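User: Hi! I'm new to protein structures and would like to learn how to read one. Could you walk me through some features?

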Amino acid sequence: MRITDIQRCEVRPGRLVEWTLSPTTVEAAADLPEDSRPPAYIQESHIRTARSVREDGLFVPTWLGTAFEVPGRVDLDVLQEALRNWTVRHETLRSGFRCDGDEMRRFTLDADAVSLRREAIGDFPDAAELVQHLQSRFDVAADALCWPNFLYAAVVRDDGVMVYMIFDHSNVDAYSLHRIPAEIHELYAAGLEGRAAEETPVSSYVDFCEIERADADRIDNTHATVLRWREFIQRCDGKLPDFPIDLGLEPGGRLPAQKLMREMLVDADDAAAFEAHCRPYGGSLVGILAATSLLVHEIGGQPVYRTVVPFHTRVKSQWSDSVGWYVGGAPIEVPVTQAPDFSAALKTVRAELQANRSLARIPLARVLRLLGADFRPTSPDLYSIVSYLDARGIAGSERWAEQQAYALLRVSYGDQVCVWVNRLHEGLWLASRYPDTDIASKNMRLYVERLRDVIVSVARG
């Protein structure tokens, strides 16, 4: 799917309908006993960060979502049942947290306690007004510090509906979002045809949280993973890495507003040729990171490119269909003076990833706690990232263009740079959010143009 924001996903006028968990469901959740399964470290870190930033006086929405078209005259009752069945299927959406001082305690609803309430909001003849309404509504409904923290909406027209499914990040990762359109389409089609949907049982992210946390809690500050992170952070001047180009930020200044850049980097042919060249070294992820190491040196003059590379933690196939936040990070360092050209950078990045990828299995929040570092977060992003996903193998990906399917992210405030590169059937799609300053805009535009140049020259060389 193309990653974008609500302003740039072809919102069209229509009649707005939305679904939330029903008052009965919310009341039932209030009386639930504690679920002994703890939050994932990444969930806990996210919610604590949201609280910390809020205490500093800034409301920073951090929701993610998906938007996609269901064509033709749509039966809203059948669509509602499809949405309910999908919600029930993924236990993390029936699960939330109560904060008791510094403790976060989970509660989880039974599947049969979940019902949705549909509300007709009204007609929106003006697309710009609808976009503003949707963004404001999603900001409130998918707030990290509230529960429930997700919302479904549909803009109904005679020729179809655009469905919007929005979640606080604690519920989902990008891979989860990419799977949603095909799953909802199948559930809706099955409902219309009066048949059982084609779906296999899915494992619970809540169970994964318990397993991952138990594993992470077995290590101490002498563990090799912790030692590696300690050395890395020391070489980053005692903090997690920024994107090493000038972003025009004042040290100690207020958290800046962010801007979004999103565009097709190269077409399918160039994407395939670039992948073929990089495959002996590990593929396009290695190539994107290698190119980035050279470019940040060229633009920012840094002799070493240090970053945290996001990796999924769905290491067992049982988690592959599960909705949740299955992401860890691995640190890498690329000394550009020793890897001055693309071939050398490829080899260096491959070696770094081979040596460090396993570090992503231990949640970074656990490592930071063991390091005793006072990482009081002042920004919703703890560090800058360059992420790569080959999305072509995800169910339904060949239909995303006709379904106008998008992965949505909220662009609000932040002092870091996040870059996502998705391999789609049409080519390589890039999206990035970064501080909204003139200097950052100039340097990020330069980075993207030069990244395209490198990919094209490698692909056609």
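Analyst: Happy to! Strand S1 pairs with strand S13 (residues 406-409) in the parallel sense, over 3 bridges. Within this pair, Arg 2 stands opposite Tyr 406 of S13. Two strands count as paired if DSSP finds at least two bridges between them; strands (E, at least two residues) and helices (H or I, at least four) are DSSP runs, numbered from the N terminus. This is a predicted model, in which local features need pLDDT of at least 70 and side-chain atom pairs count only at pLDDT 80 or more, while totals for chains, interfaces and linings use all residues. Residues are numbered from 1 along each chain as its sequence is written, and side-chain values use heavy atoms, leaving out hydrogens and water.

User: In what order do the strands of the sheet with S1 and S13 come?

Analyst: In general, strands of a sheet pair through backbone hydrogen bonds, either parallel or antiparallel. Here 7 strands make an open sheet with mixed pairing, in the order S1-S13-S3-S8-S7-S2-S6. S1 (2-4) and S6 (116-124) are at the edges with a single partner strand each, so one side of each has no neighbour in the sheet. On average, neighbouring strands are turned by 20° against each other, direction ignored. Helix H4 lies across S2, S3, S6, S7 and S8, and runs at about 160° to S7. For such angles, axes are lines fitted to C-alpha atoms (for helices over the stretch in contact), and the angle between N-to-C directions runs from 0 to 180 degrees.

User: Which strands form the open sheet of 4?

Analyst: Their order is S9-S15-S14-S12, again with mixed pairing. S9 (258-267) and S12 (385-390) are the edge strands, each pairing on one side only. S14 (418-424) and S15 (427-435) run antiparallel and are joined by 7 bridges; Trp 420, for example, has Ala 431 in S15 as its bridge partner. Helix H12 (438-460) lies across S9, S12, S14 and S15, at about 15° to S9.

User: At what angle do helices H8 and H9 pack?

Analyst: Two packed helices are described by the angle between their axes and the distance between the axes. H8 (268-278) and H9 (284-300) pack at about 90°, with axes 8 Å apart. They are therefore roughly perpendicular, a term for angles of 65 to 115 degrees (under 35 is roughly parallel, over 145 roughly antiparallel, and the rest oblique). Phe 274, Glu 275 and Cys 278 of H8 meet Ser 284, Gly 287 and Ile 288 of H9, where contact means heavy atoms within 4.5 Å.

User: How much space lies in the largest cavity?

Analyst: Rolling a probe the size of a water molecule over the atoms shows where empty space is left. The largest cavity holds about 40 Å³, and the residues lining this cavity include Arg 54, Trp 63 and Asp 139. On a 1 Å grid over the protein atoms alone, a cavity is a set of points where a 1.4 Å probe fits but cannot get out, a pocket is an open set with protein on both sides within 12 Å along at least five of seven lines, and lining residues have an atom within 4 Å of a point. Grid points are joined across faces, edges and corners, and a volume is the space filled by probe spheres set on the points. The second largest pocket has a volume of about 830 Å³ and is lined by 32 residues.

User: Which residues does a cis peptide bond join?

Analyst: Most peptide bonds are trans, and most residues other than glycine have a negative phi. Trp 147 and Pro 148 are joined by a cis bond, with omega about -5°. Pro 148 sits in the loop between H4 (127-141) and S7 (150-157).
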